[in-house]
Amino acid sequence: MMRRRGASMQQHRNVLYLIIFGIYLASVTLQTTTFNEMIPHRVGVLIELATLAALLGLVVCLDTLTPGQIIGEVSLLVLVTVVTLTSGAHYLMPTIMLVIAAREVSFRQIIQVYLGVVGTILLLALVAAEVGLIKNITFATADGLRQSFGVVYTTDFAAHIFYLCAAYLYLLARRFRLVALLPVLFGLAMIYQFTKTMTDVIALLVLISLYLVYIYRRQLRWLRPMIRYSFLMLPLASGLIIGLSNIFNYQDRLLVALNNTLSTRLALGNNALLAYGVKLFGQAPIPINGWGGDRFETFTNGVG
């Protein structure tokens, strides 16, 4: 009886976590769309504060932690607080609390909530932008028109598509069929055709390739060593892009070609490293070129 009661409490606790996560996710996702012009800034702030309070209450009141776990989590929160105060990156606190409070919550359920919430909001934004309810930020480049479909910037729309595809493929991994790749290929075509964001095109091609390797790993025995150590790919890729950004210069033709393929990411990274360097606990907010940069206010529902 006690075991059943404990399992039931854990289930209710996990459902509560998913509801909190879904509300916060909806809030921050809406902020990446041009719906944000209709929503007062204080609403997002209040939801963020409420999320922090709810998650803290969830952990303190409903979780049974060992002394070691308590020390570890408190130390992590102190560190993140220092970084938040130093850098002004307020989103770090709810992010780390979402991680801490996710103890024993099914990762599959978290991904399902993510796919449902973000997918729905992105679809609504696309439809609203097409009918003129919100802005569809569009501007001309040498490659043609780039559109955001109701998101605040074209690269943000492309990033949403990439992560939605990743979530979708994760959920299908247990019963995968090749035909299931069609929505992902459609997403790839949208990114390529309408956003001209080659970084996301490359990232999605890599995702599809590695996903197929994972799905058919039993038939590809010679790739098993690579799969076994695939967890190293993220830190290695991060180190590689930081290293390339650090050594980038316009005299190296290979680096220039790679920079152009990656939508000038190497040049932007190099400028940031030269201008601001790297600080242990972060640094004050840095002006960015993302989300349209200073040009965002000049864009209208048309070509900007």
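Strand β1 (residues 138-141) and strand β2 (residues 144-147) pair in the antiparallel sense over 4 bridges; two strands pair if DSSP finds at least two bridges between them. Within this pairing, T138 has Q147 of β2 as its bridge partner, and a hairpin of 2 residues joins β1 to β2. Helices (H or I, at least four residues) and strands (E, at least two) are DSSP runs, numbered from the N terminus.

The model is predicted: local features need pLDDT of at least 70, side-chain atom pairs count only at pLDDT 80 or more, and totals for chains, interfaces and linings use all residues. Residues are numbered from 1 along each chain as its sequence is written, and side-chain values use heavy atoms, with hydrogens and water left out.

**Helix packing**

Helix α10 (residues 233-247) and helix α12 (residues 265-276) pack at an angle of about 75 degrees, their axes lying 7 Å apart. Axes are lines fitted to C-alpha atoms, for helices over the stretch in contact, and angles run from 0 to 180 degrees between N-to-C directions. The two helices α10 and α12 are therefore roughly perpendicular to each other, a term that covers 65 to 115 degrees. From α10, I241, I242, L244, S245 and N246 meet R265, L266, G269, N270 and L273 of α12. The residues of this contact divide into 5 nonpolar, 4 polar and 1 charged.

**Nonpolar cores**

A nonpolar core is a set of buried Ala, Val, Leu, Ile, Met, Phe, Trp, Tyr and Cys residues joined through side-chain atoms within 4.5 Å. The largest such core has 49 residues, of which Y17, L55, I110, F157 and L204 touch the most other members. Helix α6 gives the most to this core, with 9 residues. Leaving aside neighbours within four places in sequence, Y17 is in contact (heavy atoms within 4.5 Å) with L55, L58, L98, A101, A102, V105 and I110. A second, separate core of 7 residues includes L244, F248, V256 and L266.

Most residues other than glycine have a negative phi.

Note on methods:
Buried < 20%, exposed > 50% of the residue type's maximum accessible area, 1.4 Å probe, protein only. Parallel < 35°, antiparallel > 145°, perpendicular 65-115°, else oblique. Nonpolar A, V, L, I, M, F, W, Y, C, P; charged D, E, K, R; others polar.
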